[in-house]
Amino acid sequence: MDINKLMKQAGEMQAKMQEMQESLADIEATGEAGGGMVKVVMNGKGYAKAVAIERSLMKEDEAEILEDLIAAAINDAKSKLEEETQARMKEMTQGLPLPPGMKLPF
């Protein structure tokens, strides 16, 4: 294999990785729980951007239920972000000569 070609591909991959990291901040995912009674919007870096809670859940005797629903909505949003990130990474690395089973980022 030509070392110059390999170095060029490595440079291209590095530039694509940088572009990908910058674009991840623009991704948003909304996680829901309790049939949409709790919603959490997260950005691509995993930070919560917004939380919406159905007002009927805001009762003192339902605090534990509300806490569980918030955690579930956060986990749902995180799962959606991971799926989107993996899809974008797969698209970006398509056609690159990576060894079988190698995943990015490292």
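The model is predicted: local features need pLDDT of at least 70 and side-chain atom pairs count only at pLDDT 80 or more, whereas totals for chains, interfaces and linings use all residues. Residues are numbered from 1 along each chain as its sequence is written, and side-chain values use heavy atoms, with hydrogens and water left out.

Two helices and three strands make up the secondary structure, in the order α-β-β-β-α from the N terminus; helices (H or I, at least four residues) and strands (E, at least two) are DSSP runs, numbered from the N terminus. Of the 106 residues, 22% are buried, where buried denotes under 20% relative accessible area, exposed over 50%, and partly exposed the range in between (1.4 Å probe, protein chains only). Contacts (heavy atoms within 4.5 Å) between residues 24 or more positions apart account for 49% of those with a separation of 6 or more.

Helix 1 (residues 3-24) comprises 22 residues and spans 31 Å from its first C-alpha to its last, close to the 32 Å expected at 1.5 Å a residue, the expected span being 1.5 Å times one less than the number of residues. Met-13, Met-17, Met-20 and Leu-24 of helix 1 are buried. These residues lie on the same side of helix 1, because they cover an arc of only 65° around the axis, as given by the directions from the helix axis to the C-beta atoms. The other side of helix 1 carries exposed residues, including Asn-4, Lys-8 and Glu-19.

Four salt bridges were found in the whole structure, each defined as a side-chain nitrogen of Lys or Arg within 4 Å of a carboxyl oxygen of Asp or Glu. In one of them, Glu-28 pairs with Lys-49, with the closest N and O atoms 2.2 Å apart. This pair links distant parts of the chain, namely strand 1 (residues 28-33) and strand 3 (residues 48-53), across 21 residues. Glu-28 is partly exposed at 44% relative accessibility, while Lys-49 is exposed at 56%. Within helix 2 (residues 63-93), Lys-80 and Asp-76 are four residues apart and therefore separated by about one helical turn; their closest N and O atoms are 3.4 Å apart.

Asn-43, in strand 2 (residues 38-43), is buried at 19% relative accessibility. Beyond residues up to four places away in sequence, Asn-43 touches Ala-25, Ile-27, Glu-28 and Leu-81.
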